[in-house]
Amino acid sequence: MRLIQNMSTIAEYPSAECHSNRLIKIAVIGGSGVGKTALVVRFLTKRFIGDYERNVGNLYNREVQIDGEQVAIQVQDTPGVEVNTNGLSCTDQASRFIQWADAVVMVYSVTDCRSFDLIGQLHQLVTRTHTDRSMPVILVANKADLACRHVDAQEGPLLASALGCSFYEVSASEDYSQVHGAFHRLCVDLAKQQPQTPVNAATSGTEKKRSPLIPRPKSPNMQDLKRRLKQALSAKVRTVTSV
C-alpha cells in the first residue's frame, strides 16, 4: 500500500510500475470516529491499527488481483462529517470526493446512534453530487465486536434496503475477512462495469493537461526561409528597377 497524498484536492497518481488495465476509485465517507481509516488500512494491508491521528483526507493506492486481473485501486479516506446548525459540515469537500469516485462506501458505528442518523443525509449528498444512478454505493456498519451497541442489528439492513444499497456489518479490529469481503465485492462489481483501459494511458491525458501553456516553438523550415528570402530580394530588385 502506498499513501499518495495528504490534502483536500483530488488527483490520480498511479505508480510508474503500474500495468493495470483498470483504475478503481473509492471514497469512504461517514461521521467522525466510526473507523473509516481503520477499515481502509485493514482492507489494503490486512493490519489493524487502533489509534490514528485526526483524519485530514488521505488517498491510498494499491494494486490487487480481482478474478485473476491486476487492478489499481485508489481509496480516498475522508474527514468525518458532523451535523451543525447549517446542516452537514464539510459538504464542499465531501462533494469533491464523491464526484471523483467511481463508488462510495458509507460507514457508521454500531456504538454511535448519531453516526447512523447521518447516513440518510450522506446518501442524499451522494445522489445530489453524483447524478449517475448506476454508481455503486454500499453501507458498512463498523465495530460489530463491541458490546456497547446502540444501533440495533436490524436497523442497518432496513436502512440499506430503503436506500437501495448493499449492507455489511463488520469489525475492522477482529475480522479481516468481513472487511475484505465488503470492499472486494464492490471492486468486482466496478471492474465488470468499466472497460479495460491501461492506467498509464488513462493518465496520459492528465499529464498533457499539466504541460506548460506556452507551446515549444517549432524548428524553422529551411526551404521555407529560402523561399521567403528570394521573394524579399525579388521585391527589392523590382523596386530599384522602377525607380
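Helix α1 (residues 36-45) packs against helix α5 (residues 176-193) at an angle of about 85°, their axes lying 9 Å apart. Here axes are lines fitted to C-alpha atoms, for helices over the stretch in contact, and angles run from 0 to 180 degrees between N-to-C directions. Helices (H or I, at least four residues) and strands (E, at least two) are DSSP runs numbered from the N terminus. The angle makes α1 roughly perpendicular to α5, in a scheme where 65 to 115 degrees counts as roughly perpendicular, under 35 as roughly parallel, over 145 as roughly antiparallel and the rest as oblique. On the α1 side the contact is made by L39, R42 and F43, and on the α5 side by Y176, V179, H180, F183, H184 and C187, where contact means heavy atoms within 4.5 Å. By class, this contact has six nonpolar, two polar and one charged residues. In that grouping Ala, Val, Leu, Ile, Met, Phe, Trp, Tyr, Cys and Pro are nonpolar, Asp, Glu, Lys and Arg are charged, and the others, Gly among them, are polar.

The model is predicted, so local features need pLDDT of at least 70 and side-chain atom pairs count only at pLDDT 80 or more, while totals for chains, interfaces and linings use all residues. Residues are numbered from 1 along each chain as its sequence is written, and side-chain values use heavy atoms, with hydrogens and water left out.

In α1, 10 of the 10 residues are buried, so the helix is largely enclosed by the rest of the structure; buried means under 20% relative accessible area, exposed over 50% and partly exposed in between (1.4 Å probe, protein chains only). Just after α1, K46 takes a positive phi of about 70°.

Within α5, G181 is partly exposed, with a relative accessible area of 30%. From C-alpha to C-alpha, G181 and Y168 are 8.8 Å apart in space and 13 residues apart in sequence. C187 is buried, with a relative accessible area of 1%, whereas C148 is partly exposed at 44%. The structure holds zero disulfides, a disulfide being a pair of cysteine sulfur atoms within 2.5 Å.

Helix α3 (residues 113-129) meets helix α2 (residues 91-100) with the axes coming within 9 Å and crossing at roughly 60°. That makes α2 oblique to α3. The crossing is right-handed, meaning that the near helix is turned clockwise from the far one by less than a right angle, with anticlockwise giving a left-handed crossing. T91, A94, S95, I98 and Q99 in α2 meet L125, V126 and T129 in α3. This contact has four nonpolar, four polar and no charged residues.

The axes of α3 and helix α4 (residues 155-163) come within 11 Å and cross at roughly 10°, and the two helices are therefore roughly parallel to each other. F116, I119 and H123 of α3 make the contact with E155, G156, L159 and L163 of α4. The residues of this contact divide into four nonpolar, two polar and one charged.

Strand β7 (residues 103-109) contains S109, which is buried with a relative accessible area of 1%. Leaving aside neighbours within four places in sequence, S109 is in contact with V34, S115, N142, K143 and V151.
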